[in-house]
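The following note sets out several points for a colleague examining the model. Please read it alongside the sequence and the coordinates.

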Amino acid sequence: MTVIDHTTVTTTAATSAAASADATNNAPVRTLTEIVLPDAVRDAIGEQLAALPDPTTDIDLAMARYHQIFAGLPIGILQQMLDFGRHIDTAGVGYVRNLPVDRGLPDTPSDGGPSRDKASYVAEGVLLGLTGLLGEPVGFLTEKRGQLVHDVIPVAGGSMTQTNQGSTVFLNFHNDIVHDSIGRYDVSNPDFLVLSCLRADHEGVAATYYADARDISRALDAGTLETLRSPVFRLNAPGSYVREVAGGNDVLSDPVPVISGPDDSPEISVSANGVRAMTSGGQAALDRLQAACREVAHEVFLRPGQALLINNRKGLHARSQFTARYDGADRWLQRTYVRRNQWSIRYRVTPDNRRVHF
Ligand SMILES: [Fe+2]
């Protein structure tokens, strides 16, 4: 894996293993981009965010205000973030550092959040401000009850699960998909995730990984890649859906390929709750895929004031194991699900909230 040294501004990640061929000139494309705010910019944004109320009381007004604030980023940084969201040939993961933080942070909620003790909303402003540069925050009723700001916190009963509540197991490489009655789980899923760190784990060993499908494709042998590009896989619905709606039974998608699209801009779909191969060769290819992800992945140890912009179509993400103590000082991330456009998922919008979907 490619380890990111978060104490330096310059990336150490642009090794040949973690680079892809550019669509036009064959020059290497870095699949991770790093963005560091100057101190003065961090402080100016933080001051403005600290004066704002809880964004969830009027989310559209809040998003407009965040737009104003983040439009004040230095033009080079602003364009870098916008390009990340709008182009097919840009990096799949963005590591943003030196972001403002809340002055006083309450205990990490033991119930998985949200916290009822936050006195300011700087973290939420950072998360949603970055989100607004990529698209629109959206919710799904079966994921965190449709909330737009997801708290990602280890929960005692979920420590062994392949979910965002887990800690003691390695969360395999996957992207965030949502169950859909149309039979495809890779269509209405988020285009991007933003993951922002409020508090690191006690030992500081919890790592987030990102493996780009361009790097994965280069690392795989031709036969495995061909199998993964064949529609012989069925994605399982997310654990929350299986648990809460389907009585614990798997709910499998239509047969789909895991990797699809042009060679230089592939899309990859792997469900965290398991992919069922319909052939023995398919299962072997899935095993090879997880191994390839570990070979090419970027590794980031998120700290407070840092965020990851994750393209949920260009690549897969994973999380290392870590030890949760459930003592109020556990790892605390916040996350959004981001769509560039909500039009194509309007068939599942809820009547009560136009950003929340069934
Ligand atoms: Fe995830």
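Helices (H or I, at least four residues) and strands (E, at least two) are DSSP runs, numbered from the N terminus. This is a predicted model, in which local features need pLDDT of at least 70, side-chain atom pairs count only at pLDDT 80 or more, and totals for chains, interfaces and linings use all residues. Residues are numbered from 1 along each chain as its sequence is written.

1. Asn98 lies in the loop between S5 and H4. Its phi is near 65°, a positive value in a residue other than glycine. Asn98 counts as partly exposed because 15 C-beta neighbours fall inside 10 Å; a residue is buried with 20 or more other C-beta atoms within 10 Å of its own, exposed with 12 or fewer, and partly exposed in between, the C-beta atoms being placed from the backbone.

2. Pro114 is also placed in the loop between strand S5 (93–97) and H4. The peptide bond leading from Gly113 to Pro114 is cis, with omega near 0°.

3. Arg145 belongs to the loop between strand S6 (136–140) and strand S7 (150–152). Its phi is near 50°, again positive in a residue other than glycine. Arg145 counts as exposed, because it has 12 C-beta neighbours inside 10 Å.

4. Helix H2 (residues 59–70) packs against helix H4 (residues 122–134) at an angle of about 80°, their axes 9 Å apart; axes are lines fitted to C-alpha atoms, for helices over the stretch in contact, and angles run from 0 to 180 degrees between N-to-C directions. H2 and H4 are therefore roughly perpendicular to each other (angles under 35 degrees count as roughly parallel, over 145 as roughly antiparallel, 65 to 115 as roughly perpendicular and the rest as oblique). On the H2 side the contact includes Ala62, Met63 and Tyr66, and on the H4 side it includes Gly125, Leu128 and Gly129; residues are in contact if their C-beta atoms, placed from the backbone, lie within 7 Å.

5. Which residue does UniProt list for "binding site"? The unreviewed entry lists His317; UniProt positions are given in the numbering used here, feature names are shortened, and annotations may be inferred rather than shown by experiment. His317 sits in strand S17 (residues 315–319). His317 is buried, because 28 other C-beta atoms lie within 10 Å. Not counting residues up to four places away in sequence, His317 touches Phe173, Asn175, Thr208, Tyr209, Tyr210 and Ile310.

Methods. Contact = placed C-beta atoms within 7 Å.
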